[in-house]
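Open the model in your viewer and keep the selection panel at hand. The stops below go from ligands to sheet.

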Amino acid sequence: MARIPTALRDPLHNRGTAFTPAERAELGLTGRLPSAVETLDQQAARAYAQLGRQPTDLAKYIYLDTLHDRNETLYFKLLVDHLPELLPVVYDPTVGEAIQQWSRDYRRSRAVYLSIDRPQDVAASFENLGLGSEDVDLIVASDAQQILGIGDWGVNGTDISIGKLAVYTAAAGIHPGRVLAVNLDVGTDNQLLLNDPMYLGNRHARTTGQAYDDFIELYLSTATELFPRALLHFEDFGPANARRILVDNASTRRIFNDDLQGTGAIVLAAVLSALQVTGQPFAEQRLVVFGAGTAGTGMADQISAAMVRDGLTPEQARARVWLVDEHGLVTDDMAGLPEHQSAYARPAEQARDFDRVDGEIDLLSTVRQVRPTILIGTSTAHGAFTREVVESLCAGVDRPILLPLSNPTSRIEVLPQQAIPWSGGKALMATGIPVDPVTYEGTTHTIGQANNALLYPGLGLGTVVARAGRITDGMLLAAAKAVADQTDVSEPGASLLPPVRNLRASSAAVAVAVAAAAIQEGVATTEPDNLVQAVQDAMWQPTYGPPVTR
Ligand SMILES: NC(=O)C1=CN([C@@H]2O[C@H](COP(=O)(O)OP(=O)(O)OC[C@H]3O[C@@H](n4cnc5c(N)ncnc54)[C@H](O)[C@@H]3O)[C@@H](O)[C@H]2O)C=CC1
Ligand SMILES: CC(=O)C(=O)O
Ligand SMILES: [Mg+2]
């Protein structure tokens, strides 16, 4: 059996049928490809047609994944040219389906696997890549405890890191050869996986406590030492770990938690746009967050920080936030509140007169009493924003901001096609998943995608361009404002966020704003004269470039 030549095996440099006769001769490919010499456009047309013949989104995901591992230029050419159509396939929501099947569908994988059972292998796992200390700009790592809204998926969660990186490159042109996807395998508490003979991860419960913390510290210190330029992106950790790791490291390491910070900032952008419609200041908002975990409390942080910038004290801002979790309204008489919730716990006596169901103050009762101007869903509880909840919300304020953000589609609190009519067309909405516009009484409501994917790619690119040593609050705020600046909400039904089809341009604008903020805040280690040009120059394009020579 003839071996596949090296030049066709390296996805970053493979050009397949686009290799010219001279390149074929040079690279030892003579006789190993059909005689036609194609352009990237011709290859992309064939690949797009092949993709179109795949029967399901999961089949499309697998097709694209294998293309990714064969020819990265062609893969990203397809992604960039068809971003609104393909983002939901390589990323949220289809990536959630792929993760659930991952061990069963296992193919070759591009990730780095670090096992808590083999800490002695951590450094070697990176060193084996053969990369130099300047070669990596970005590492996305997940321990997969809270994948999207579908819970603990152990080593299967590897594909969330790969999917997030694909979006970094497609949306912001982060160089695909300068990134790493990492799975931190600390075990899993998912019984389905533990009992599945095909499961490929560590077959034990999640390791917790000091051993877990030591492993995270080992990852952080090894990655930082070997790749000192890399931004360390944390994705889909459980709420307690996510926050603790960020708080402990944000001031000393180049670390970013997407579910806390990226989500908080994209929601801030959506709210900034919505307040243009309502004409109200941040300081007058009342925020109810339903589902007070990583993402929900990250948003509470960002929105209360905006209230403080608007003149409130931190105490006054916190007093305008209500968290509702599994046991109803979070109050300070509840035993064992996790740290991320206790900062926003309401004094119990303030809620004495709220209606209770089975002793708990539920969402409906909270909405009736509080009359929120903003209701956010990050609960994973599908359908939790019932007609009664939406109608109560609209009874309280004229134009409520309604953001059901749980992913994937099976977890969303309410779909706009229901909520827009229930609200009589009054609700200002955005969702985490992509959804079609809703026409109600002659107005078409375009629903922006409040998914961190609309923000983190530009944030990452700005960080790389400024070589920022830290991710600061000022950089996050600059990113949120840059996203909001790209929307025009003057028309009724206008989207609160820029469309995915403009994501490359909007990511570039976010990157410029973020790099400028990094320079202003003194965390940049390089200060390009012309930031717009520096960002353009830094954006990798899916083209084959000059002829290949050995
Ligand atoms: N749109 C976006 O960009 C993002 C969306 N998300 C979505 O937000 C959701 C939550 O994600 P994380 O915060 O990472 O998870 P998490 O597990 O940290 O938080 C979920 C919270 O919801 C609570 N909860 C569960 N069932 C509930 C119920 N029936 N009623 C009230 N509260 C309930 C849990 O106790 C927990 O506090 C997921 O669906 C995720 O996909 C997360 C990050 C970004
Ligand atoms: C979008 C995202 O990061 C999440 O759902 O977890
Ligand atoms: Mg996430």
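UniProt positions are given in the numbering used here, feature names are shortened, and annotations may be inferred rather than shown by experiment. Residues are numbered from 1 along each chain as its sequence is written, while chains are lettered from A and ligands numbered from 1 in the order in which they are written. This is a predicted model: local features need pLDDT of at least 70, side-chain atom pairs count only at pLDDT 80 or more, and totals for chains, interfaces and linings use all residues.

Select residues 260-519. The unreviewed UniProt entry annotates this span as "domain: Malic enzyme NAD-binding". It is 42% helix and 12% strand, and its end C-alpha atoms lie 23 Å apart. Helices (H or I, at least four residues) and strands (E, at least two) are DSSP runs, numbered from the N terminus.

Next, ligand 1. Its shell has 28 residues, the closest being G149, G291, G293, S406 and G432. A residue belongs here if its C-beta atom, placed from the backbone, lies within 6 Å. Colour domain 2 (93-253) and domain 3 (288-441): both give residues to the shell, so ligand 1 lies between them. Domain bounds come from an automatic or database assignment.

Move to ligand 2. Around it are D92, L148, D236, D258, D259, N407, G432, N451 and N452.

Finally, show the open sheet. Its seven strands run β8-β7-β6-β9-β10-β11-β14, with mixed pairing. Strands pair if DSSP finds at least two bridges between them. At the edges, β8 (328-329) and β14 (448-449) each pair on one side only. Zoom in on β7 (residues 321-325): two bridges join it to β8, antiparallel. There, D325 stands opposite G328 in β8.
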